[in-house]
Amino acid sequence: MTAPKRRFRPATELVHGGTMRSQFAETSEAMFLTQGFVYPDAEAAEARFKGEDPGFVYSRYANPTVAMFEERMCLLEGAEAARGLASGMAAVNAALMSDLKAGDHVVASRALFGSCQYIVADLLPRFGVASTLVDGTDLDAWRSAVRPETRAFFLESPSNPTLELINIAAVAEIARAAGARLVVDNVFATPLFQKPLELGAHTVVYSATKHIDGQGRCLGGVVLSDEDWIEGKLAPFLKHTGPSMSPFNAWVLLKSLETLQVRVERQAASAARIADAIASHPAVLRLYYPGRDDHPQAELARRQMTGGSTMLAVEVAGGKAGAFAVSAALEVVRISNNLGDAKSLVTHPATTTHQRLSDEERAALGIGDGLLRLSVGLEDPEDLVEDLVAALDRARPAEMRAAS
Ligand SMILES: *Cc1c(COP(=O)(O)O)cnc(C)c1O
């Protein structure tokens, strides 16, 4: 089967795609908050269980509201099939575990979301799946990590928190030559700005908790790939292990998709505006924003992404004290580890999301004590610029202030 046919541009599919109306012809998608389904007779139940009748059986397997969300995600991503899951981590775990067995080997970029790192480096090895973490930007490192038993590659791009890019098409090529599947966690790029399947990835995963909800309410995850793999490998794993997406959360996320493009484009435009406004501020030692020409991989960003990012990171003067002072001085931006939200959020990775890592591991990832990650929200961009500039002004060390 080929990808569901996208008849319209993404913004239109995000509003209408996947809608299944009940006999009441409701305008807004219905929430089917039901565990099971009734059959007109025992013969119908038998046919349903045999797979001869395509209807629903039990919401751990599939649910109409969840199915609408999955179909809308397929149309957005250009994927043949998708499954919604309870959280982004359930999606990452299922995308890997459903396909691997003892004796297999996985290669992953070392700049991973903390829980993804736990799955690859701690959990999989406990079940006999070896893993190697590499510098994802170094194509030779991917090549030389390959073993005869390598079955999967895993990466995130842009990375968290330093927004480093990995050349997805090149890594996909190495994976293909090695007979391995490339799984891309595309959360930081969003489904609007980067299409890993078109770049050669086999599977894409999202934490729908982030931009897809975008309003800080529900956890959710989604795995997208070709129909054979989803039905043959992923679906049985989900059906029997049960990390299902709640129909309630699917409904919230389905409605969120209607506004995804409006939100993400506005958030990315604001992020670019903020990056330009603070790039030469004396308290900013280094700025990381893939949408700017001074990003070390600006050329790759233009090639594999169609937008900058809703995220940016800055190394501020004064190390941890400097970063904490800037965080404390912010009045609009709130301190939180989440991202993709309507509310702008600032994180100090070294003491929160990446505190589990050793000093050496943090250094290898470029996570200094002065690094702050900013997720740009939907506030007026001028308020955000003023908030950041004022916080940087107030927090910069006294000797800098005296010099300027
Ligand atoms: C948040 C996040 C996850 C995990 O998603 P949850 O919905 O919190 O389980 C995985 N990968 C990346 C890159 C994330 O940002």
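Which of the 14 residues around the ligand come nearest? The legends below start there.

This is a predicted model, where local features need pLDDT of at least 70, side-chain atom pairs count only at pLDDT 80 or more, and totals for chains, interfaces and linings use all residues. Residues are numbered from 1 along each chain as its sequence is written, and side-chain values use heavy atoms, with hydrogens and water left out.

View 1. G88, D185, S207, T209 and K210 come nearest, out of 14 residues around the ligand. Here, a residue is near a molecule or strand if one of its heavy atoms lies within 4 Å of it.

View 2. A polar backbone atom of G88 is 2.8 Å from an oxygen atom of the ligand. In the side chain of T209, an N or O atom is 2.6 Å from a ligand oxygen atom. For the side chain of K210, the distance from an N or O atom to an oxygen atom of the ligand is 2.8 Å. Taken alone, the ligand exposes 380 Å², and the protein buries 91% of that. Such areas come from the Shrake-Rupley method with a 1.4 Å probe; for residues, only the protein chains shown count as cover.

**View 3. An open sheet of 5 strands.** The order is β8-β9-β12-β11-β10, with mixed pairing. Strands (E, at least two residues) and helices (H or I, at least four) are DSSP runs, numbered from the N terminus. Two strands pair if DSSP finds at least two bridges between them. The edge strands, β8 (284-288) and β10 (334-335), each pair on one side only.

View 4. Buried means under 20% relative accessible area, exposed over 50%, and partly exposed in between (1.4 Å probe, protein chains only). In a regular strand, side chains alternate between the two faces of the sheet. M311, A313 and E315 lie on one side of β9, with L312, V314 and V316 on the other. β8 and β9 run antiparallel, joined by 4 bridges. R286 stands opposite E315 in β9. β9 and β12 also run antiparallel, with 5 bridges. The bridge partner of M311 in β12 is S375.

Terms used
Polar contact = N/O pair within 3.5 Å; in protein donor to acceptor, adjacent residues only side chain to side chain.
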